[in-house]
Amino acid sequence: QVQLVESGGGLVQPGGSLRLSCAASGSIFSIRTMGWYRQVPGKQRELVATITKLRNTNYADAVKGRFTISRDNAKNTVYLQMNSLKPEDTAVYYCNADVRITIATTWSDYWGQGTQVTVSS
């Protein structure tokens with residue numbers, strides 16, 4: 001019913017930049033909070049950043065000042081601009097959205113398939 005498709009991952013050198021995008025499509029009435037999470041093998045998925053429909057943002061301490069989350073409500077798309085990347089930012093990055101598919105349904109959590117970000121020289 002709802003699909004989240006991420007793009008923009010890849011290999012970058014330390015100190016470089018990448019921009020991730022995530023577009024939500026399908027049967028969507030409204031999207032509340034959208035966010036980015038990341039996961040490395042053997043560790044739990046962790047919050048990177050979230051943004052509400054009114055564009056209130058929240059960041060993990062590890063990325064504050066380096067990453068910027070934004071969204072385009074008309075396109076149901078969320079972005080993550082990542083600057084000054086470090087090797088420890090290497091992970092699979094997942095998009096998340098809190099979606100209501102009709103006015104009569106409750107909010108449900110949806111996830112993208114993930115996109116690999118590798119920071120290495």
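So, which residues of strand 1 are on the covered face, and which are on the uncovered one? In strand 1, residues 2–7, Val2, Leu4 and Glu6 make up the covered face, while Gln3, Val5 and Ser7 make up the uncovered one.

Quick caveats. This is a predicted model, where local features need pLDDT of at least 70 and side-chain atom pairs count only at pLDDT 80 or more, while totals for chains, interfaces and linings use all residues. Residues are numbered from 1 along each chain as its sequence is written, and side-chain values use heavy atoms, with hydrogens and water left out.

Okay, the sheet. Strands here are DSSP runs of E, at least two residues, numbered from the N terminus, and two of them pair if DSSP finds at least two bridges between them. Four strands form an open, antiparallel sheet in the order 1-3-8-7. Strand 1 and strand 7 (67–72) are at the edges with a single partner strand each, so one side of each has no neighbour in the sheet.

Strand 1 is joined to strand 3 (residues 18–26) by six bridges, and Glu6 has Cys22 as its bridge partner there. Six bridges also join strand 3 to strand 8, residues 77–82, where Leu18 partners Met82.

Now, side chains over rings, meaning CZ of Arg or NZ of Lys within 6 Å of the ring centre and within 35 degrees of the ring normal. Arg19 lies over the face of Tyr79, at 4.1 Å from the ring centre, and Arg45 over that of Trp111, at 4.7 Å.

Conventions
Buried < 20%, exposed > 50% of the residue type's maximum accessible area, 1.4 Å probe, protein only.
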